[in-house]
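Colleague: Could you walk me through this model when you have a minute?
Modeller: Gladly; here it is, and then ask whatever you like.

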Amino acid sequence: MKTQPVDTYAVITGASQGLGKSFAISLAKRKHNVILISLPNQNLKELALHIKATYKVKVSYFESDFSSDESVISLTTQLNENYAIDILINNAGTGGTKRIEDASLNYLTTIIQVNVKAITVFTHQLLHNLKKQSQSYILNVSSIAAFSPVGYKTVYPATKAFVHSFSLGLSEELKNSNISVSVINPGAMKTNPEITARIEKQGFLGKLTLLEPQKVAEYSIDKMFKGTTFILINPISWFISTLLPNWIKVPMMTNIVKREA
């Protein structure tokens, strides 16, 4: 008796809006079944129904708060028990702009938990599932902030530096396996009118580096499927953040984001 092929799924965290939503739509257009994950009360069900009806793919969704270890473990257990996963896009993240003395301890630890611990645990728990498929992909979303310390953000760039380093190390470790690992480091994106307006307040540089989520998603997925490890999104932002010496770029970037604080 001939066995039927198992349906595989792409998992996208932080999928309800912005870049995560764009990833989900881009993959669905390519006829990949998708699993959408986001915080509660972000209209995830409506997005799932829209993608299913529009692109004729299988769609599941889960509301989960990654600031809780228990939520991450519970979710990954459900995924492993019920789905074959061949794509994992770790897009969920959090941040903000505050003076560190004005930030609550919960604010700081949540950034670390979501941006560092959750992505590590999520990847670790789903790795065996990804290895079961003939070819699998992991795409981690870091930030251009990974390359430059920034005052008034402090913890956020440090967590994104972790994501970048974690991704490159994991890529090397898995290079002889069926899993390809990629990382992107985008700058600010037009995820909603409030964020767009806030970034545009940063002046010419802010407007110059502002990105369209759908274009970033399409480009990143193309590169991911080609096996590119470090996917360069915005060369101008990358130049400013990596090639300028710290004594120039750290004060410059801090003065830019200070307007948000």
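The chat below goes through the sheet, some helices and the nonpolar cores.

Colleague: Before we start, what kind of model is this, and what confidence do local features need?
Modeller: This is a predicted model, in which local features need pLDDT of at least 70 and side-chain atom pairs count only at pLDDT 80 or more, while totals for chains, interfaces and linings use all residues. Residues are numbered from 1 along each chain as its sequence is written, and side-chain values use heavy atoms, with hydrogens and water left out.

Colleague: OK, the sheet: what is the strand order?
Modeller: The open sheet has 7 strands in the order β3-β2-β1-β4-β5-β6-β7, and the pairing is parallel. Strands here are DSSP E runs of at least two residues, helices are H or I runs of at least four, both numbered from the N terminus, and two strands pair if DSSP finds at least two bridges between them.

Colleague: Which are the edge strands?
Modeller: They are β3 (59-63) and β7 (230-231), each of which pairs on one side only.

Colleague: And how many bridges join β5 and β6?
Modeller: Strand β5 (residues 136-141) pairs with strand β6 (residues 179-184) in the parallel sense over 6 bridges, and tyrosine 137 stands opposite serine 180 in β6.

Colleague: Is β6 covered or open to solvent?
Modeller: β6 is mostly covered, with 6 of its 6 residues buried, where buried means under 20% relative accessible area, exposed over 50%, and partly exposed in between (1.4 Å probe, protein chains only). Ile179, Val181 and Val183 point one way from the strand, and Ser180, Ser182 and Ile184 point the other way.

Colleague: Switching to helices, how many residues of α1 are buried?
Modeller: In α1, 10 of its 12 residues are buried, including Leu19, Phe23 and Leu27. Just after α1, lysine 31 takes a positive phi of about 70°.

Colleague: Which residues touch the most other members of the largest nonpolar core?
Modeller: Ile12, Phe23, Leu36, Ile51 and Ile184 do, out of 32 residues in that core; a nonpolar core is a set of buried Ala, Val, Leu, Ile, Met, Phe, Trp, Tyr and Cys residues joined through side-chain atoms within 4.5 Å. Helix α1 gives the most to this core, with 6 residues. Apart from it lies another core, of 23 residues, among them Val11, Phe62, Tyr83 and Leu88.

Colleague: What does isoleucine 184 contact, beyond its sequence neighbours?
Modeller: Leaving aside neighbours within four places in sequence, isoleucine 184 is in contact (heavy atoms within 4.5 Å) with residues including Leu19, Phe23, Leu139, Val216 and Ile231.

Colleague: Now α3: which of its residues are buried?
Modeller: In α3, Val72, Leu75, Thr76 and Leu79 are buried. They cover an arc of only 95° around the axis, which puts them on the same side of α3; the arc is that of the directions from the helix axis to the C-beta atoms. The face turned away from the buried side carries the exposed residues Glu70, Glu81 and Asn82.

Colleague: What do those buried residues pack against?
Modeller: The buried residues of α3 pack against β1, β2, β3, β4 and α4 (105-131).

Colleague: And valine 72, which residues does it contact?
Modeller: Valine 72, with a relative accessible area of 1%, is in contact with Phe66, Ala118, Val121 and Phe122, leaving aside its neighbours within four places in sequence. Valine 72 and isoleucine 119 are 47 residues apart in sequence and 9.3 Å apart in space, C-alpha to C-alpha.
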